[in-house]
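Let's take a walk through a protein model together. Have the sequence and the 3D view ready, and we'll stop at a few spots along the way.

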Amino acid sequence: MSLLRAEAIRKDYQLDGEPVQALRGVDLTVARGEYLAIAGPSGCGKSTLLHILGGIDSPSSGTVQLEGVALGALNDRELTRLRLTRIGFVFQRFHLLPVMTARENVELPMSEAGLAGPARRARARELLAYVGLAHRQQHRTTQLSGGEMQRVAIARALANAPALILADEPTGELDAVTGRQILDLFQRLHADGTTLIVVTHDDRLAAEAGRIAHMLDGRIVGNGAGPAASQLPISRSK
Amino acid sequence: MIPLSLRALARRPLRAALAIGGVAVASAMLLDMVMLSGGIERSFEQMLLGRGYQIRLSPKGTLPFDTEASVSRVSGLIERLERDPEIVGVAPVLGGSLYARSADSLLTVFGYGIDPAAQFLYQVEAGRDLGAEDTLGILLSRASARAIQAGPGDTIRIVGRLDPQIGAAAVERSVVVRGLVRWLYDYQDQRSVGVVLPLMQRLLGPLATDRASLIVLKVRADSAVPAVAARLRVEFPSVEVNSVAQLVVHFRERLVYFRQLSYILGAISLVVTVLLVATLLTITVSERLGEIATLRAIGVRRSRIIRQMLGEGLALTGSGAVLGVLLGLATARYLDAILKSFPGLPAALSFFVVQPRAIATAAVILVLTGIVAGIYPAWLASKAPIAATLRAEAP
């Protein structure tokens with residue numbers, strides 16, 4: 001059974017008074033435990049698709065179901081709760097709270113979910129150890145390197161044991177070495193059974209995924225697997 | 001939530017410090033205005049009740065010492081009042097201008113004719129009090145003593161009134177200074193003297209015979225004061241009978257513009273606080289929209305975002321208020337000293353009275369102000385579109 005199913009997703013909006021068709025009928029199914037990369041050039045609609053899949057944006061038409069729940073049928077409170085408990089987000093710019101320590105950042109979603117303090121702290125320590133930052137848990141995020149901040153963000157995304165991790169250009173702000181560490185971490189998550197959808201324009205990252213969905217001009221133009229798929233020539237239609 | 005709010009404010013320490021400074025100044029102004037609006041009334045009441053005399057009898061249609069009018073046939077009146085079982089103290093006072101000889105000149109002084117056994121007007125600071133029928137003694141304020149250059153034990157000459165035809169003394173007496181006193185209703189550096197009532201009546205001449213400017217009464221029980229005042233009003237229709245509570249009402253009526261001014265200035269300080277805090281928080285929200293959108297994306301509820309922003313507003317106003325209280329107390333003390341030096345005002349009257357209730361009122365108003373100031377930024381933060389904000393934040 002699929003974990004996530006998106007059907008006929010369209011997204012239209014106005015940009016400086018001009019109509020923009022960001023998504024033009026996207027169908028996508030993701031199985032539980034799958035590692036999917038959504039690849040494509042800048043502006044092809046991959047981040048918009050990720051936002052819609054994660055319930056932080058709504059489609060102009062079409063439906064998204066996560067674990068059989070139609071996101072469009074949920075009100076704001078229910079959708080917020082679903083994002084908190086069933087989806088983990090990793091952003092290109094990490095977006096950690098600078099006034100908090102690494103551990104407090106990881107604890108934040110658990111605190112929001114109502115987990116008690118001791119259990120929350122224990123799980124935060126466990127997750128920080130999982131991403132290799134056991135020794136940095138009391139550091140402010142401003143004291144961490146970019147790679148460390150992204151690993152804290154991944155630990156935060158895992159906090160409430162979500163069904164799905166959505167990552168938007170997770171290595172976009174990192175150098176090659178630290179980017180590699182993040183890729184290794186994603187591989188480990190995948191090996192441990194986590195379902196991952198990663199948006200990237202980085203061929204190297206896309207090649208790590210079990211499947212690649214290529215997007216162009218708001219459509220998925222190709223589905224493939226492995227390194228060969230990542231080498232598909234991509235060009236914007238004129 | 002507050003510690004996190006404080007940590008959030010600490011991200012821009014200079015900006016937060018400037019805002020807290022602004023709130024502190026506005027809070028100080030608010031506190032001073034709250035103290036001013038009720039303080040002078042409170043001080044007036046405390047001053048009148050200082051010696052426990054709760055009722056004042058003055059000439060019909062006047063307030064005590066409002067005019068130079070006086071009550072006639074006062075000895076008979078005092079006798080009747082002393083027979084009243086509810087009244088335990090009767091203190092008559094006759095006020096008027098006197099002159100004291102100093103070298104070759106005459107100094108104008110204000111004279112009180114009092115009954116030393118039942119007095120509410122002064123505290124002895126040096127020397128001793130007058131005896132009950134001490135027609136040879138006099139009490140001086142420190143300002144009088146300085147001007148006359150006399151102290152306890154010295155003999156001075158006091159002139160009751162001048163003959164208008166020749167400008168010479170019509171009534172003059174030698175008296176011995178018994179003590180130096182602080183007159184409770186005097187303005188600063190007022191030259192005042194006190195003698196027993198019969199001597200004062202003689203000094204002021206035939207027109208003051210058996211007269212008093214004021215009679216104050218001590219009633220056995222505070223709860224009986226309104227009833228006693230009402231009864232005396234009926235019994236003595238030719239005099240004005242006021243309880244201290246009624247005098248405070250009269251006083252309040254005279255101060256209505258003063259109080260309105262303090263309300264307006266207090267309200268302005270609140271508006272300044274709201275604008276200052278709201279502006280700062282709005283800027284903060286604008287800067288942190290990406291962070292707020294991220295929090296919403298990972299499942300943080302709108303209510304928590306709202307609480308966070310309100311918490312930051314409260315943290316700002318709270319920190320500012322603590323400093324503001326200290327600043328307000330210091331400025332109140334300074335302003336009080338200036339106002340008390342105005343001519344014609346009793347030195348014992350305070351304009352700014354520190355009352356826990358005033359501080360509590362100011363604190364509650366400031367907390368509400370902090371919440372109000374945080375409402376718009378909180379609404380702005382909670383309504384930030386998640387996806388659009390994250391798109392805008394993307395490189």
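Leaving aside its neighbours within four places in sequence, which residues is F44(B) in contact with? Keep in mind as you look that this is a predicted model.

## A phenylalanine in chain B

Here's what turns up around that residue: F44(B) is in contact with L247(B), V248(B), F251(B) and L349(B), once its neighbours within four places in sequence are set aside. F44(B) itself sits in helix 2 of chain B, which covers residues 13-49.

Is F44(B) buried or exposed? Its relative accessible area is 14%, and the cut-off for buried is under 20%, so F44(B) counts as buried. Now try finding R252(B) too: F44(B) and R252(B) are 208 residues apart in sequence, yet their C-alpha atoms are 9.9 Å apart in space.

## Where the two chains meet

Time to zoom out to the place where chain B touches chain A. On one side, 22 residues of chain B take part, and they are in contact with 25 residues of chain A. Between them, the two chains bury about 2,300 Å², and 58% of that is on carbon and sulfur atoms.

There are also eight residue pairs in polar contact across this interface, counting pairs with both residues at pLDDT 80 or more. On the chain B side, four helices each supply at least two of the touching residues: helix 1 (2-9), helix 9 (289-297), helix 10 (302-340) and helix 12 (386-393). Helix 9 of chain B gives the largest share, with six residues. Sorted by class, the side of chain B that touches chain A has 10 nonpolar, three polar and nine charged residues.

## Salt bridges between the chains

How many salt bridges cross the interface of chain B and chain A? The rule finds five. One pair to look up is R391(B) with D57(A), whose closest N and O atoms are 3.8 Å apart.

Another pair is D76(A) and R302(B), whose side chains meet in a salt bridge at 3.0 Å, N to O. D76(A) lies in helix 2 of chain A (residues 76-86) and R302(B) lies in helix 10 of chain B, so this pair joins two chains. Both ends are partly exposed: D76(A) has a relative accessible area of 34%, and R302(B) has one of 28%.

## Salt bridges within a chain

Over all chains, the count comes to 29 salt bridges. Inside chain A, R123(A) forms one with E126(A), and the closest N and O atoms are 3.9 Å apart. These two residues both lie in helix 4 of chain A (residues 117-130), three residues apart, which is about one turn of the helix. R123(A) is partly exposed, at 23% relative accessible area.

In chain B, D84(B) forms a salt bridge with R231(B), with the closest N and O atoms 2.8 Å apart. This pair links distant parts of the chain, 147 residues apart: D84(B) is in the loop between helix 3 (74-83) and strand 2 (87-102) of chain B, while R231(B) is in helix 6 (residues 225-235). D84(B) is buried, with a relative accessible area of 9%, whereas R231(B) counts as partly exposed at 32%.

Now over to the strands of chain A. Four of them form an open sheet in the order 2-1-4-5, and the pairing is antiparallel. Which strands are at the edges? They are strand 2 (18-31) and strand 5 (69-70), each pairing on one side only. Strand 1 (residues 2-15) and strand 2 of chain A pair in the antiparallel sense over 11 bridges. If you'd like one pair to click on, the bridge partner of R10(A) in strand 2 is R24(A).

Last stop: E107(A), which is found in helix 3 of chain A (residues 102-113). Its relative accessible area is 7%, so E107(A) is buried. Apart from its neighbours within four places in sequence, E107(A) is in contact with R120(A), R121(A) and A124(A).

Methods. Residues are numbered from 1 along each chain as its sequence is written. Chains are lettered from A and ligands numbered from 1 in the order in which they are written. This is a predicted model: local features need pLDDT of at least 70, side-chain atom pairs count only at pLDDT 80 or more; totals for chains, interfaces and linings use all residues. Side-chain values use heavy atoms; hydrogens and water are left out. Contact means heavy atoms within 4.5 Å. Buried area is the accessible area (1.4 Å probe) that two parts lose on being put together, summed over both. A salt bridge is a side-chain nitrogen of Lys or Arg within 4 Å of a carboxyl oxygen of Asp or Glu. A polar contact is a pair of N or O atoms within 3.5 Å; within protein, one must be able to donate a hydrogen and the other to accept it, and residues adjacent in sequence count only if both atoms are side-chain atoms. Ala, Val, Leu, Ile, Met, Phe, Trp, Tyr, Cys and Pro count as nonpolar, Asp, Glu, Lys and Arg as charged, and the others, Gly among them, as polar. Buried means under 20% relative accessible area, exposed over 50%, partly exposed in between (1.4 Å probe, protein chains only). Two strands pair if DSSP finds at least two bridges between them.
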